[in-house]
Amino acid sequence: MPFPAIHPALDRALVQRGYAEPTAVQDAVLEAGLTEADLLVSAQTGSGKTVAFGLAAAPTLLGEAERFGQTRAPLALVIAPTRELAMQVATELTWLYADTGARIATSVGGMDARQEARALNVGAHIVVGTPGRLKDHIDRRNLDLSALKVVVLDEADEMLDMGFREDLEYILEQAPAERRTLMFSATIAREIATMAKRYQRDAVRIDTTNRSQPHGDIEYRAMRIAPNQIEHAVVNVLRFFEAPGALVFCSTREAVKHLQAALRERGFSSVGLSGELSQRERTDALQALRSGQARVCVATDVAARGLDLPDLGLVIHAELPVNKATLLHRSGRTGRAGKKGVSVLLVPSTRRRKAEMLLGSAGLEATWSAAPGIDEILARDEERLLATPIFDQTVTDEDFALAKKLAAERTPEELACALVRLMRAEMPAPEDLVDPGEGPRGRREPGAAPNATAWPTDRLQPDEVTWFRADIGRQKNADPKWLIPLICRLGGITKKDIGSIRVFPDETRFEISLAAQAGFLASVKAAKGAEVAITPSEAPNQGFGGPRPKKPFKRRENDNAQNRPAPYRPERTVAPAAEGDARPFDRKPYKGKPKPGFKPGAKAGKPAFKKKHRAE
């Protein structure tokens, strides 16, 4: 279904940009009868909300006029949670209103406030900004809201989550009461509904999200990895998919800095985004991504809010998100505007349960598998090499002449091998990974009773383990309290895969489950610079290093109950009762004269009071 006729200038802009059919949210806000109504819209990230409210506001802003006239105060105000999102909204509205003569100004934190003030004083028809900077310009009388016709709140739920409630209320109270208010949010929570009831007039609620189904354009994958191979797993996932644009999420700034440097060292064109960067550095990083100079962006959750990157086909959760909202927000950076995307969760063996609960709470179904290995990546490289579009490009006469000369001097096999080497030289080498297995031992199957036979016992049996040796013992303060975390980290296993631990003077021997033996041995060999050397071993009761055998018990001659003498029990004597003491004679024997202060009934041998010691 084509776009309905909104305004001649906007209709031409849509055709020039290749917009043939409206998305669900665009179709909903353009229904007949809603041209003057307040709207409360919930829509998924990447569903075309910017174009939707840009089209919805056009009848109110332009009416029957072909172009905007002169104005000293803005007619429309768009509020966004982050500066990146505000700049993207301004860019979208610029091409949408290009033929209307609209002047669009931005007001965001981190930019030159004096330059923004000059643009506002000259006059702007549409102002796009963040709550804090907009409030600052209102207080300084640089921004006059008296002529506003439309106010748009984009990503209203995120603005409330980021603590902008007071700023939003202040801005909305400065705007005229007869304005149109369009609120767009991913979810309509209680706080959003309360704000809509307070600042909107009989708002029409539009819900274009289907909560019973996940985002249809995003494929979720959960990949098992060893806890100490997160960095290598990110490398292999990037190599396996080879997406034009990829976004890798970390939890902290330090993790972003470390991973971005590691990817750059391995040959990936990457940039980092975190809160510590200046606005100039953030702008340069985003420009590198949009121009194609960088293919991978490593970012924190806060820095990536509102990002809309072109050709972003892959999102990698290098560190698991803290909740389902963060998971959906991260994954929503891909699969936008009808394009397909992949969201990959890297799940260490120690966080398997956490990942399952996270996906379950978000209502998502992910495909579980091991992280891609070297063989899988090389197979994908072969498929991409055979299907490369380089063979379909137009050949010039100069290229054809040079090709004939090469064919005369080299065999076809030599030329093909040279081409393969050239193409592989541009690709970073994949890493060798260890598959930690399906999950930890001892997990009960869903619906099984605690005493069911399908629930394995927690204790490893002798036929289920193999022994390993660590070159540290009691003489170097070896203790299971810190040995267990060390073994888990070096071997990429969980505590449930470790059995008995025996500490000797010069070494420590411990049990590892047979199911985790292969992965444990591979992880230990791959660990570089480990503080403890771990090698396979035999059971400690065999060979060198085992405990001393216990001496057999020998009963002494005539050692029985009948021949043993009776134990010596001395006769008990008691002191006579003191005068006036009516209790039985059960006190200990008393010798000597009573001490001063002794009273009948007091404990024998103890004074009834203590002398006070005077300080000398």
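What share of the contacts in the protein chain with a separation of 6 or more comes from residues 24 or more positions apart? In this predicted model, such residues account for 74% of those contacts. The protein chain comprises 616 residues, of which 43% are buried, and its secondary structure consists of 19 helices and 18 strands.

**Nonpolar cores**

- The largest nonpolar core contains 44 residues, and V29, L93, Y97 and F184 touch the most other members.
- Helix α3 (residues 49–62) supplies the largest share of this core, with 9 residues.
- Leaving aside residues up to four places away in sequence, L93 touches T50, F53, G54, V78, I104, I126 and V128.
- Another core, of 29 residues, lies apart from the largest one and has L238, F240, L263 and L346 among its members.
- In soluble globular proteins, nonpolar side chains tend to be buried together.

**Packing of helices α4 and α12**

- Helix α4 (residues 83–96) and helix α12 (residues 279–291) have axes that come within 12 Å and cross at roughly 55 degrees.
- The crossing in which α4 passes α12 is right-handed.
- On the α4 side the contact is made by R83, E84 and Q88, and on the α12 side by Q279, R282, L286 and R290.
- By residue class, the contact of α4 with α12 is made up of 4 charged, 2 polar and 1 nonpolar residues.

Technical notes: Residues numbered from 1 in each chain as written. Predicted model: local features only at pLDDT ≥ 70, side-chain atom pairs only at ≥ 80, totals over all residues. Heavy atoms only, no water. Axes fitted to C-alpha atoms, helices over the stretch in contact; angles between N-to-C directions. Helix = DSSP H or I, 4+ residues; strand = E, 2+ residues; numbered from the N terminus. Left-handed = near helix turned anticlockwise from the far one by under 90°. Contact = heavy atoms within 4.5 Å. Nonpolar A, V, L, I, M, F, W, Y, C, P; charged D, E, K, R; others polar. Core = buried A, V, L, I, M, F, W, Y, C linked by side-chain atoms within 4.5 Å. Buried < 20%, exposed > 50% of the residue type's maximum accessible area, 1.4 Å probe, protein only.
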